[in-house]
Amino acid sequence: METEENIVIVGAGIAGLATSLALHRLGLRNVVLESADSLRATGFALALWTNAWRALDALGIGDSLRQRSLSITGFKSFSADSGAPIKEVSFVGNNSVEYESRCVRRKDLLETLANELPQGAIRYSSKVDSIEESGPLKLVHLADGSTIRTKALIGCDGVKSVVANWLGLQKPVYSGRSAIRGFVEYPEKHGYQPKFHAYFGGGVRFGFLPSDEKSLYWFCTFTPSVVHFDGNAKQDPMKLKQFVLNKASNVSKELSTVIDRTTLDCISIARLKLRLPWNVLLGNILKNNVCVVGDALHPMTPDLGQGGCSALEDSVVIAKCLGEALIKPITEQEDDESMRIRKGLEKYAKERRWRSFTFISAAYLSGFIQESDNKIISFLRQHFLAGVTISVTLRIADFDCGRLTVS
């Protein structure tokens, strides 16, 4: 069976759903192909910074999500070696720029995005098998034997992106680090301040922050070769929990208490990967009417908390670029629709290439500085580098993708 769609989006994660919604807000019909048979809310929660909330407001769902999360009022950093305070930053009152940060349950974000889409906009059990060129169109062949002809193909299919592979982008590489993450719920209010608590050094990087008044999200990134992590523990949540508790026991009683309360089904581990930044800068992130968004474009380590935020930025920017190309009145002298789509996507790629390079590079360097057990870096981190990495995090988050309008 062969059908035709103007715009096809591959992947119903944050990037895919947000891109679809942004396009629908502009009146541009599209379809999202998702390989799973239902919405996949993998992961527990994620921090969303100022840039993400501006994008969510542009999509029209910011206030809905604000009602289900606490506003984070500041950032407190400590030494993971001694527990000694390093730096505290307030997000309100004392800054020329007021930052917005909240920890949102991933399930809430995905369901809110999906519920705003028209009926049938997401096609489940639609795994992309291959992509073929057919003049100005692309033929998207699915595993069930069907084919979709499309004028624009947008890959939002994550780190293992089929679309990125078709474009010829190099596969993401292992950073040498891993992350254990957890989510804990309390029967009553947990009582913690609405602040981001972070612990740096000694080959590890801990953090926890409230999602709402009854739940907390925490993480532990580490370099297995430095902290002597037992590879066999990957399949055993109890061993993962004990590993983090052992590392946290001499750092912070608060942190240890949070981890200790976490049930085993709310603990996960993942190897941290990134796309080499020069591959984003010099590689094909766009080819004719095919491009990539979110983790399919710029997978990065989580040290800036920008994975989901950057995907939301991408979604608004690409929708605006396509909207300007397709919605504006056409004169006889202008290019045909296929060429206008290409020009719109070229504008998107130009706007996002350097931004993506910055995300990946800054995240990697921040993680290296914050986590390192090197004595010189530890000294510099304690005295000023930790503050620098926090400032970089806030500066990168102060970005406005603009409203969803066509100029």
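This briefing covers the overall fold, the nonpolar cores and several individual residues of one protein. The model is predicted. The protein has 407 residues, and 56% of them are buried. Its secondary structure comprises twelve helices and 17 strands.

**Overall shape**

- The radius of gyration of the protein is 22 Å, which agrees with the value near 22 Å that a compact globule of 407 residues would have.
- The C-alpha trace spans about 70 × 50 × 45 Å along its principal axes.
- Of the contacts between residues at least 6 apart in sequence, 76% join residues at least 24 apart.

**Nonpolar cores**

- The largest nonpolar core holds 103 residues, and Leu48, Leu59 and Ile154 touch the most other members.
- Helix H10 (residues 307-326) supplies the largest share of this core, with ten residues.
- Another core, of 27 residues, lies apart from the largest one, and its members include Tyr192, Val204, Leu240 and Leu255.
- Leaving out residues up to four places away in sequence, Leu59 touches Ala18, Leu21, Ala22, Arg25, Leu113, Leu312, Ser315, Val316 and Leu404.

- Asp108 sits in helix H4, which runs over residues 106-115.
- Asp108 is buried but has no salt bridge.
- The nearest side chain of opposite charge belongs to Arg68, 4.0 Å away.
- Beyond its neighbours within four places in sequence, Asp108 is in contact with Leu65 and Arg68.

- Most residues other than glycine have a negative phi.
- Ser125 is not a glycine, yet its phi is positive, at about 55 degrees.
- Ser125 lies in the loop that runs between strand S7 (122-123) and strand S8 (128-134).
- Ser125 counts as partly exposed because its relative accessibility is 45%, a value between the 20% and 50% cut-offs.
- Asn288, also a residue other than glycine, has a positive phi near 55 degrees.
- The loop between strand S16 (286-287) and strand S17 (290-292) contains Asn288.
- With a relative accessible area of 28%, Asn288 is partly exposed.

**Cysteines**

- A disulfide is a covalent bond between the sulfur atoms of two cysteines.
- The count of disulfides in this model is zero.
- Cys291 is in no disulfide, and the nearest cysteine sulfur, that of Cys156, is 7.7 Å away.
- Cys291 has 0% relative accessibility and therefore counts as buried.
- Cys309 is likewise in no disulfide, with the nearest cysteine sulfur, that of Cys103, 11 Å away.
- Cys309 is buried, since its relative accessible area is 0%.

**Helix H11: Ala349**

- Ala349 is part of helix H11, residues 337-371.
- Ala349 has a relative accessible area of 6%, so it is buried, the limit being under 20%.
- Not counting residues up to four places away in sequence, Ala349 touches Ile285 and Leu286.
- Ala349 and Leu48 are 301 residues apart along the chain, and their C-alpha atoms are separated by 23 Å.

Conventions:
Residues numbered from 1 in each chain as written. Predicted model: local features only at pLDDT ≥ 70, side-chain atom pairs only at ≥ 80, totals over all residues. Heavy atoms only, no water. Helix = DSSP H or I, 4+ residues; strand = E, 2+ residues; numbered from the N terminus. Buried < 20%, exposed > 50% of the residue type's maximum accessible area, 1.4 Å probe, protein only. Lys, Arg positive; Asp, Glu negative; His and termini not counted. Contact = heavy atoms within 4.5 Å. Core = buried A, V, L, I, M, F, W, Y, C linked by side-chain atoms within 4.5 Å. Disulfide = S-S within 2.5 Å. Rg over C-alpha atoms; globule rule 2.2 N^0.38 Å.
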